[in-house]
Amino acid sequence: MDIDFHDITLSVNGQKYQRRVESRLLLSDFLRHDLALAGTHVGCEHGVCGACTILLDGEPVRSCLLLAAQANSHEISTIEGLAGKDGAYHPLQQAMHDHHGLQCGYCTPGILMTMTAFLVENPSPSEGEVREALSGNLCRCTGYQNIVDAVMSAATRMRG
Amino acid sequence: MSTRTFGEPIKRNEDRRLLTGQALFVDDIELPGMLHAAFLRSQVAHARILKIDVTRALQRPGVVAAYVAGDLGDYWQPGPILVPPPPIEGIVFHERTQIPLAKEKVRHVGEPLVIVIAESRYIAEDALDDIEVELEQLPAVVDLEKGLTAGSALVHEDVGSNVSAHVRQTKGNYAAAAARADHIIKRRFWYEHGISSPIETRGVVAQWDGRANQMTIWDTTQAPVFVRNGLAGMLGLNERQVRVIAPFVGGGFGPKIMMFYPEEVLLPWVSMKLNRPVKWIEDRLEHFFATTHERGQVHDAEIALSSDGHILGIKDVFLHDGGAYDPYGLTVPINSQCTLLGPYVVPNYDSTFTQVFTNLPTVTPYRGAGRQHGVFVMERLLDFAAHELNIDPAEIRRRNLIPPDAFPYNNEIIYQDFEVLEYDSGNYEPVLDMALDAIGYQTFRDEQAKARTEGRHLGIGVACYVEGTGIGPYEGAKVQVQSNGKVSVATGIGTQGQGHFTVFAQIAADQLGVKVGDVDVVTGDTDQFYWGAGTFASRGAVVAGNAVNEAAKVVRKKALKQASDLFECSEDDLVIDDGKVSIVGIPEKFVKLGDLANLANPMRGAVEPGTEPGLESTQYFGPKMGATANGVHAIIIEMDPQTFDLKILKYVVVHDCGTVINPMILAGQIHGGVAQGIGNAFYEKLVFDDQGQLLNASLADYLLPSALEVPRMELGHTVTKSPLNPLGIKGAGEAGAIPGGPLFAQAIEDALGLKGRVELLEIPLSPSRLFELTRNTKR
């Protein structure tokens, strides 16, 4: 089998990377294993669970459904870039901590990336809108209630 | 000044790493020279293996090795029996445990045939297509009753039938009770529990270090100590040469305690053989077949009652789907058998079950672990009794509750921990009252009638249950004050999100007068703590929590003794708080705990005989038997009678798990359990065809509840301490998940006005199933 490669340049959390990747390499595997950004988790590899959600040019996408080559010349944000450089939590991270919005924490990075983007788009959501936005991220531990509360609380705080 | 944290909603120590993407999970392990494994698995449920040829796979660039069963030599052994059959008279049990790679036969879809090792996961998976396999397909055993008929195909021919086990347990004399009963109600029930489906699948990384003569295994297990001991034995190593680490684990709920999975057995062996580290991470499709399930039971049950609705006795005969192998013994059906009795006085009980081998993935406990099945049968029987005797469903439950002065209450039969099923403590009626009050039971009929005039169909459900928790044998903990004044706690159980890094820290912090954030908890690393059983049966907080408490108490005593020597005063004159020991009333006269730790490890001078260096202690705790928690769930739903679309309008849980360590973490456990209970009742169904093929093996088809299906929950608590441990704790891990089935069945019947016309005798339900069940009934 011929293996073909692509030279890609992309930015992840503001840092520029140049890599040669096999054309079939999943973006999730590229981030986790090539760039050692293992905070992006893989739950189902068929686009349902949402654990691998990252931001591509600010939009939430499932990194298990994209190839690394497709991320060429795009800007990616992952969980590792969410807190401030000084380690200060993003308001949603703080709210998840305050409201016990995570248990095993495996789905948490995907939820944080999905919901931070959502709060940019909808800074004053209703509970129903939060639940709708969250419904593409599966969590098996929390029953969602504390995540919903965390998102509502973060929204309030971010509106100032 | 530190204050007591026990009982407070302390925020979690472990959150920062998880919230910032810095927590280590098994798939995050990267090692130089690491190889990757992929498994060729059977695509049919039952077949003889005629031929497996890996020649072409080995020719693929990047493939390092491929092994079939025959390549394993003497290492090929059936796994150990994890839970032997309990000491019950007349018990029949045929031990047939899982094997690393199928040899002559495959017994379920997904059973591994070949392990391929390659330089990358991509290449290893490519190579699976290169392997030639010839199988002679056999009829599959899928249906429990057909599996027991003469002439059925046999999962294990040498057993002579598909009976894995047969158990009868009795209390009193049911036949005599039935003879004098005013009413006997008989029904047949079907209850299926699905798969735990944690968002992190299973995974193993094994690293044999030939120079250090040391095996390190990162494993998504719930029971690292047992994995270490077992693998050391299999690999011919000393236990000290094997280190098993269960790092952060992305949910478990039971199936991650199963051992030894074929992958757990094979990866270390391959690593030793090739002298290179090897990684395997299960994909979601594999998870549907290669990780254990829970699944179904069929019950033929009857209840004998007096005319005033008191239970005189219950008889139950049921079949339990054990799957292809029975390494976990009888834990699931014994739980069903015992938990059926619930919070009620049942003077006479006659329960018999048969565990059946089928050509389906192996069944082991999943959150609730068979309790759901029993609770469904009991609660439904009471519903039908209430209808027949014209008694309110909540009232018939109240009449039969075990009174508070009857504890300890002996149910006489043997529980999963091999002890007599005795409830340690309880006060059940206030729990029911609180739940009825919270759901608005008194006003609901008016609300329902009003909604009906608007064309809305509301229904109410109330279900009671008990949960046997906190079983032995034991756990241990090492508590150590370090020279920087921080406290280290290590215990042998694994953790999968239960908040152990915080609740164990709270227990130690209170004993030692330090901040919760200054207690560093390690779980699941066999080199940090050598002994233990694992995280299962709602036992972590109860058993390991009490071990931490005992060890911290000894360390506290040591610190006070040392300080009293230092200050030449009585220990009674000392106070331990804020990271230091000071003299009562003279706060400036103090010594820091870290300095005491240093003093306890001197460079010069003699240590008195009988003393140990360091400010540390290791203690163990083993309860005599499990502690019994209890609760009531209540629900109000709205259902569209045409589409059977479900809306949960209100969900109430009132629960008693004894002393609460951290109410925030406890609420989280209940919330998550309820979500899984909702999935079990209405969304999650494993659909097999008659050939044992799972038809919905993806998360797009097997429906885990999302934020749209799980409602806001209202929680209430009462506290009846357990007398079985010094902290008075009972477990809470499974409580939320247990009574969802009967709750939904009751509420849906009520909403659709089915009472007396259609009875819901099965779980899971779904819109399409409700359509089938009611299509011939005028709605």
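Stop 1: You are looking at a predicted model. Start by selecting B:Ala37, B:Val116, B:Val489, B:Ala508, B:Val548 and B:Ile748, the residues with the most contacts inside the largest nonpolar core, which has 296 residues. Next, colour helix 15 of chain B, residues 540-567: this helix supplies the largest share of that core, 11 residues. For background, in soluble globular proteins nonpolar side chains tend to be buried together.

**Stop 2: around one residue.** Zoom in on B:Val116. Which residues does B:Val116 touch, leaving out those up to four places away in sequence? Select B:Ala37, B:Ala38, B:Leu40, B:Ala57, B:Val63, B:Ala66, B:Ala124, B:Ala127 and B:Leu128, and you have them.

**Stop 3: a covered helix.** Now select residues 262-274 of chain B, which form helix 7. From its first C-alpha to its last, this helix of 13 residues reaches 18 Å, close to the 18 Å expected at 1.5 Å a residue. Its buried residues are B:Glu263, B:Glu264, B:Val265, B:Leu266, B:Leu267, B:Pro268, B:Trp269, B:Val270 and B:Ser271. What covers these buried residues? Show strand 1 (35-41), strand 6 (112-118), strand 10 (203-209), strand 11 (214-219), helix 6 (224-235) and strand 13 (278-281) of chain B, which are included in the cover.

**Stop 4: the domains.** Zoom out and give each domain of chain B its own colour: domain 1 is 35-153, domain 2 is 295-471 + 624-774, and domain 3 is 472-621. The centres of domain 2 and domain 3 of chain B, taken over C-alpha atoms, are 40 Å apart. Where these two domains meet, 20 residues of domain 2 are in contact with 18 residues of domain 3. On the domain 2 side, strand 19 (458-469) and helix 17 (663-683) of chain B are the elements giving two or more residues. That side divides into nine nonpolar, seven polar and four charged residues.

**Stop 5: the partner chain.** Finally, show both chains. How many residues of chain B are in contact with chain A? There are 42, and they meet 44 residues of chain A. On the chain B side, helix 1 (15-19) and helix 17 are the elements that give two or more residues. Helix 17 of chain B has the largest share, seven residues. Colour this side by residue type and you will find 20 nonpolar, 13 polar and nine charged residues.

Definitions and conventions:
Residues numbered from 1 in each chain as written. Chains lettered and ligands numbered in written order. Predicted model: local features only at pLDDT ≥ 70, side-chain atom pairs only at ≥ 80, totals over all residues. Domains from an automatic or database assignment. Contact = placed C-beta atoms within 7 Å. Helix = DSSP H or I, 4+ residues; strand = E, 2+ residues; numbered from the N terminus. Nonpolar A, V, L, I, M, F, W, Y, C, P; charged D, E, K, R; others polar. Expected span 1.5 Å × (residues − 1). Buried ≥ 20, exposed ≤ 12 C-beta atoms within 10 Å, placed from the backbone. Core = buried A, V, L, I, M, F, W, Y, C linked by C-beta atoms within 7 Å.
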